[in-house]
Amino acid sequence: MDFLAYINPPKKGKIVDRFKDILYNFPNVDISSFVNIENARIYSWILQQMEYSLGEKYLGAIYVLGGGMSILPAMILDSGMRFETIRSVDINGTCQFLSDELMRDELRKHFL
């Protein structure tokens with residue numbers, strides 16, 4: 001997974017476990033269009049800019065539109081940013097399904 005080589009996951013981050021669960025539970029789904037070097041660089045840059053500009057501010061609810069497989073929200077969850085809830089929405093049904101699976105613990109916590 002070249003993607004993980006280009007991000008800087010925190011030691012207590014859950015993103016590796018999230019990917020492992022997706023790959024194990026859905027072995028026939030090709031996630032290579034979401035998990036690639038270009039996306040890793042983009043998501044890492046976005047996260048760095050958010051941390052730099054927002055710092056310790058409380059963000060409330062975060063919505064990511066066109067969030068694909070929810071990789072950016074998963075990275076935000078692993079960061080030290082403060083927020084109440086985060087949700088990723090995508091028009092592509094497969095993306096939305098994978099997003100909901102990747103974030104299933106948070107969906108259960110906030111929406112059930």
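Which residue takes a positive phi just after helix 3? It is Gly 55, with a phi of about 55°.

This is a predicted model, in which local features need pLDDT of at least 70, side-chain atom pairs count only at pLDDT 80 or more, and totals for chains, interfaces and linings use all residues. Residues are numbered from 1 along each chain as its sequence is written, and side-chain values use heavy atoms, with hydrogens and water left out.

**Overall layout**

The protein has six helices and two strands. Both kinds of element are DSSP runs, numbered from the N terminus: helices are H or I with at least four residues, strands are E with at least two. Their order from the N terminus is α-α-α-β-α-β-α-α. Of the 112 residues, 39% count as buried. Buried means under 20% relative accessible area, exposed over 50%, and partly exposed in between (1.4 Å probe, protein chains only).

**Helix 3**

Helix 3 covers residues 37-54. Its 18 residues should span 26 Å at 1.5 Å a residue, and the end C-alpha atoms are 25 Å apart, which agrees. The expected span is 1.5 Å times one less than the number of residues. Its buried residues are Asn 39, Ala 40, Tyr 43, Ser 44, Leu 47 and Met 50. They cover an arc of only 130° around the axis, which puts them on the same side of helix 3. The arc is taken from the directions from the helix axis to the C-beta atoms. Trp 45 and Tyr 52 are exposed on the other side. At the start of helix 3, a side-chain oxygen of Asn 36 comes within 3.3 Å of the backbone nitrogen of Glu 38.

**Helix 4**

Helix 4 (residues 71-78) is mostly covered, with seven of its eight residues buried. Among them are Ile 71, Leu 72 and Asp 78.

**Salt bridges**

The structure holds two salt bridges. Each is a side-chain nitrogen of Lys or Arg within 4 Å of a carboxyl oxygen of Asp or Glu.

| Pair | Distance, N to O |
|---|---|
| Lys 20 and Asp 21 | 3.9 Å |
| Asp 100 and Arg 87 | 2.7 Å |

Asp 100 lies in helix 5 (residues 93-102) and Arg 87 in strand 2 (residues 85-89), so this pair ties together parts that are 13 residues apart in sequence. Asp 100 is partly exposed at 24% relative accessibility. Arg 87 is also partly exposed, at 23%. Lys 20 is partly exposed at 49%, and Asp 21 at 27%.

Conventions: A polar contact is a pair of N or O atoms within 3.5 Å; within protein, one must be able to donate a hydrogen and the other to accept it, and residues adjacent in sequence count only if both atoms are side-chain atoms.
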